[in-house]
Amino acid sequence: MLRAALKAGTAHRHSVFELFPRRLPTGRRYGVVAGVGRAMRALRAFRFDEESLAFLTETKVIDQPTADWLADYRFSGQMWGYPEGEVYFPGSPLVVVEGTFAEGVILETVLLSIYNHDSAIASAASRMTAMADGRPCIEMGSRRTQELSAVAAARAAYIAGFETTSNLEAGRRYGVPTAGTAAHSFTLLHNSEEEAFSAQIAALGADTTLLVDTYDVETAVRKAVELTDGKLGAIRLDSGDLGMMAKKMRTLLDSLGAEHTKIIVTSDLDEWNIAALSGAPVDGYGVGTALVTGSGHPTCGFVYKLVARADNDEPGAPLRAVAKASKDKISIGGRKYALRRLDDKGVASHEVVGIGQPPQGDHNDRPLLVPLVVDGEIVHDEPLTTARERHARSRAELPMNALKMSRGEPVIETLWIEPDGDVISDSFSGGSEETK
């Protein structure tokens, strides 16, 4: 596209691209934005070096004029977006990219790959932490995904409420708090369970977490309490009926004087399993496979579309709204602005998207787009703790139905406000009803 547009003389037309979801994954009631910080980091380093250009020219992907343009590539336009941790709904304009066609089109894949992955993880993580209801969740999925996506997944999960990760690179790179436990291989290495426990306690102290289901759980718990004089930090249960076993082991621990020893459960947990364990004496959840695969939805289905462009290269040329009309893959033309409409009790009632101009809010409606890039300079940089706090607030604004685990529709409706004030509702769900 870039090569052809440069040759046609249309590459430098003023253009607006938007990254948005047409719909939520089937059955989901809300989604969570993640990946903004990683996208800005990628944008800062988005360059075409001599080796890359040589490959592209030698394989005839590009010609020399395109190579010359790419050699000097620096995004010089504007970006706005939903900040990390914010929830989103069908049609939410999660990223708005304004500049030339050439500058914007070249960013499509890098933005989509980051946002689709990270937001899928954060959306799953949010459902899990909601079901945990204040009990800590530990991200433990590194062995179930590609090594680089594992680091990104740990970051996204932390934004959506997970307390810690077992991925130490996520701790080093992003400052995500780290925690983990021993595996069964450590117990099997030693001649006895007592020997394994003693070695771990000697190295890490009585506050460590011991994995107690390699052989017989009750025997292991008794030995663990004995070796720590009742001061053991936690036990981990990784098999069997976790709810029943947690109740049994809680009773045993208390009878042995280890009332403060916590019970951590693992073993292919997802949001439904966590919800089912809500009545069990569980103190924390370790989640792996389901989390890093988006709990059945490994991508959000975000798309990146041109929504407005000028008719020529003249400075100040007016923008023309453009839109795709393909069946089941429609888009709405025109630059978008968004706010979250809240009722008098501060509960979200609608996602309101203005077409061509900002929608009018009232005293408590929240604008959702923030500046990310101004004249090519990245201006959005915030700690993960800020995104994490934002997510907690944003999720708390949603109606109670948002936290239902049953399949359902988006918990609030998206409304598109046309420049003349008409309201287009339900457009991305296939409807076209218009109201005044």
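About 40 Å³ of space lies in the second largest cavity. A cavity is a set of points on a 1 Å grid over the protein atoms alone where a 1.4 Å probe fits but cannot get out. A volume is the space filled by probe spheres set on the points, and grid points are joined across faces, edges and corners. Rolling a probe the size of a water molecule over the atoms shows where empty space is left.

This is a predicted model: local features need pLDDT of at least 70, side-chain atom pairs count only at pLDDT 80 or more, and totals for chains, interfaces and linings use all residues. Residues are numbered from 1 along each chain as its sequence is written, and side-chain values use heavy atoms, with hydrogens and water left out.

**Cavities and the pocket**

The structure holds three cavities of 30 Å³ or more. Lining residues have an atom within 4 Å of a point. For the second largest cavity they are Pro25, Arg28, Tyr30, Gly31, Tyr88, Ala120, Ser123, His297, Thr299 and Cys300. Five of these are nonpolar, four polar and one charged. Here Ala, Val, Leu, Ile, Met, Phe, Trp, Tyr, Cys and Pro count as nonpolar, Asp, Glu, Lys and Arg as charged, and the others, Gly among them, as polar.

The largest pocket has a volume of about 480 Å³. Its lining has 21 residues, and Met140, Arg143, Arg144, Arg236 and Asp238 are the closest to its centre. A pocket is an open set of points with protein on both sides within 12 Å along at least five of seven lines. The pocket lining divides into six nonpolar, ten polar and five charged residues.

**The chain as a whole**

The chain has 15 helices and 21 strands. Both are DSSP runs numbered from the N terminus: helices are H or I with at least four residues, strands are E with at least two. The C-alpha trace spans about 80 × 55 × 35 Å along its principal axes. Of the 436 residues, 52% are buried. Buried means under 20% relative accessible area, exposed over 50%, and partly exposed in between, with a 1.4 Å probe and protein chains only. Among contacts between residues at least 6 apart in sequence, 71% join residues at least 24 apart. A contact means heavy atoms within 4.5 Å.

Strands of a sheet pair through backbone hydrogen bonds, either parallel or antiparallel. An open sheet of seven strands runs in the order β13-β12-β1-β5-β3-β17-β18, with antiparallel pairing. Its edge strands are β13 (319–321) and β18 (377–378), each of which pairs on one side only. Two strands pair if DSSP finds at least two bridges between them.

| Strand pair | Sense | Bridges | Residues facing each other |
|---|---|---|---|
| β1 and β12 | antiparallel | seven | valine 16 and alanine 308 |
| β12 and β13 | antiparallel | three | arginine 309 and arginine 320 |
| β3 and β17 | antiparallel | three | glycine 81 and valine 370 |

Helix α6 (residues 108–132) packs on the sheet and touches β1 (14–21), β3, β5 (95–100), β12 and β17. The direction of α6 makes about 140 degrees with that of β12. Helix α2 (residues 36–44) lies across β3, β17 and β18, running at about 10 degrees to β17. Axes are lines fitted to C-alpha atoms, for helices over the stretch in contact, and angles run from 0 to 180 degrees between N-to-C directions.

**Two serines with positive phi**

Most residues other than glycine have a negative phi. Serine 267 has a positive phi of about 110 degrees. Serine 267 sits in the loop between β10 (262–265) and α13 (271–276). At 33% relative accessible area, serine 267 is partly exposed. Serine 295 also has a positive phi, near 50 degrees. Its loop runs between α14 (289–292) and β12 (302–310). Serine 295 counts as buried because its relative accessibility is 12%.

**Around strand β8**

Glycine 205 lies in the loop between α10 (193–204) and β8 (209–211). With 25% relative accessibility, glycine 205 is partly exposed. Glycine 205 and serine 239 are 34 residues apart in sequence and 25 Å apart in space, C-alpha to C-alpha. Threonine 209 lies in β8 itself. Threonine 209 is buried, at 17% relative accessible area. Leaving out residues up to four places away in sequence, threonine 209 touches Thr181, Gln200, Ala234, Ile235 and Arg236.
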